[in-house]
Amino acid sequence: MKNIILIGFMGCGKTTVGIRLSYRLRRAMEDTDKLIEKEEGRTISEIFRTDGEAFFRGLETDCLKKLIRTARNMIISVGGGLPVREENRALLKQLGTVVYLCASAETIYERTKHDTSRPLLQGDDPKGKIRTLLAEREAIYESAADIVIDVNQKGFDEILEEIAEAVDRKEML
């Protein structure tokens with residue numbers, strides 16, 4: 001059994017689905033954002049504010065390289081922008097089965113509109129920013145993914161079932 005990596009735009013449910021999937025499949029779970037915060041001793045927002053997005057993206061790449069050496073049979077949730085770097089997409093494929101949790105801009109906005117911890121959504125017109133970023137990233141997420149799961153208007157049980165079935169089918173090939 002390989003690692004299962006959850007990718008997708010912020011607010012699509014990667015962390016929550018990851019936690020629930022880890023219980024269902026009895027696997028440990030890691031979140032790259034949490035790993036980076038722990039290693040850096042500061043929040044993602046602080047890293048963005050003091051060192052910028054490019055520095056943070058480098059930390060994500062370093063985190064993936066460490067996980068490739070250490071992670072076995074885990075559920076791994078990654079930051080929404082991590083797959084944007086081509087190098088990271090290649091590393092994700094080495095790490096395991098990549099599952100894209102696909103959500104619409106409307107779903108994402110509803111889930112994130114009160115969340116002040118997301119640096120890319122601060123400022124004017126967060127809904128417009130979501131639409132723009134999602135349009136830029138959608139093809140990237142799809143190219144990085146082995147499996148695509150539409151999470152719009154679905155409950156966690158349905159999402160978990162779809163992921164488990166799709167991963168089982170893929171691992172049997």
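**Exercise 1. Which residues of helix H5 (residues 86-95) are buried, and why do they line one face of the helix?**

Before starting, note that this is a predicted model, where local features need pLDDT of at least 70, side-chain atom pairs count only at pLDDT 80 or more, and totals for chains, interfaces and linings use all residues. Residues are numbered from 1 along each chain as its sequence is written, and side-chain values use heavy atoms, with hydrogens and water left out.

Step 1. Pick out the buried ones (under 20% relative accessible area, with exposed over 50% and partly exposed in between; 1.4 Å probe, protein chains only). In H5 they are Asn 88, Arg 89, Leu 91, Leu 92 and Leu 95. Helices (H or I, at least four residues) and strands (E, at least two) are DSSP runs, numbered from the N terminus.

Step 2. Look down the axis of H5: the buried residues fall within an arc of 165 degrees, so they line one face of the helix. That arc is taken from the directions from the helix axis to the C-beta atoms.

Step 3. Now check the other side of H5, where Glu 86 and Gln 94 are exposed.

**Exercise 2. Work out how H3 and H4 pack.**

Step 1. Two packed helices are described by the angle between their axes and the distance between the axes. For helix H3 (residues 44-51) and H4, the angle is about 130 degrees and the axes are 7 Å apart. Axes are lines fitted to C-alpha atoms, for helices over the stretch in contact, and angles run from 0 to 180 degrees between N-to-C directions. Contact here means heavy atoms within 4.5 Å.

Step 2. Name the arrangement: H3 and H4 are therefore oblique to each other. The scheme is under 35 degrees for roughly parallel, over 145 for roughly antiparallel, 65 to 115 for roughly perpendicular, and oblique for the rest.

Step 3. Find the partners: Ile 44, Ile 47, Phe 48 and Asp 51 in H3 meet Glu 53, Phe 55, Phe 56, Arg 57 and Leu 59 in H4.
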